[in-house]
Amino acid sequence: DCPKRLELVMERTVDGKEMAEAFRAAIRLNYPEPAFGAEVGDLVQFLGGQEARKGDHIVLTYVPGVGLHCDVAGRAEVLIKGAQFSRAFWDIYLGKNNLGEEIKKGLASRL
């Protein structure tokens, strides 16, 4: 249980609904419904109202004992409480059913 940060740099513009659905689907790879229903709902609602433009930074930070903080290019932010949900989020990239071994290896090589 330690601080973790992931910074995504957008390579293309993505509308909020597309981004929200991508994160929802990625979390559900490891945690089928109804797991984290409220937390996923909060994340999807927040991201659905955002647009990530090419070059924007999305910063995701786990704060121990608090939860997952998501900042979209300094324009909007949300805190989703709960250590367990934060773990579910990191599993998108580093878990058993992740977004791909190349992504996992690339991220792990930078730790």
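How many nonpolar, polar and charged residues are in the lining of the largest pocket? Let's tour the model and find out.

Before selecting anything, note that this is a predicted model, where local features need pLDDT of at least 70, side-chain atom pairs count only at pLDDT 80 or more, and totals for chains, interfaces and linings use all residues. Residues are numbered from 1 along each chain as its sequence is written, and side-chain values use heavy atoms, with hydrogens and water left out.

**Stop 1: colour by confidence.** The protein chain has an average pLDDT (the predictor's confidence in each residue, from 0 to 100) of 92, and 98% of the residues reach at least 70.

**Stop 2: the largest pocket.** Now select L6, E7, L8, Y93 and I103, which lie nearest its centre among 24 lining residues. Elements giving two or more residues to this lining are β1 (4-9), α1 (16-28), α3 (83-94) and α4; β1 gives the most, six. And the opening question? The lining has 17 nonpolar, no polar and seven charged residues.

**Stop 3: the cysteines.** Select C2 and C70. The structure holds zero disulfides (pairs of cysteine sulfur atoms within 2.5 Å). The sulfur of C70 has its closest cysteine sulfur in C2, 19 Å away, too far for a bond.

Note on methods
1 Å grid on protein atoms, 1.4 Å probe; cavity = no way out; pocket = protein on both sides within 12 Å on 5 of 7 lines; lining within 4 Å. Helix = DSSP H or I, 4+ residues; strand = E, 2+ residues; numbered from the N terminus. Nonpolar A, V, L, I, M, F, W, Y, C, P; charged D, E, K, R; others polar.
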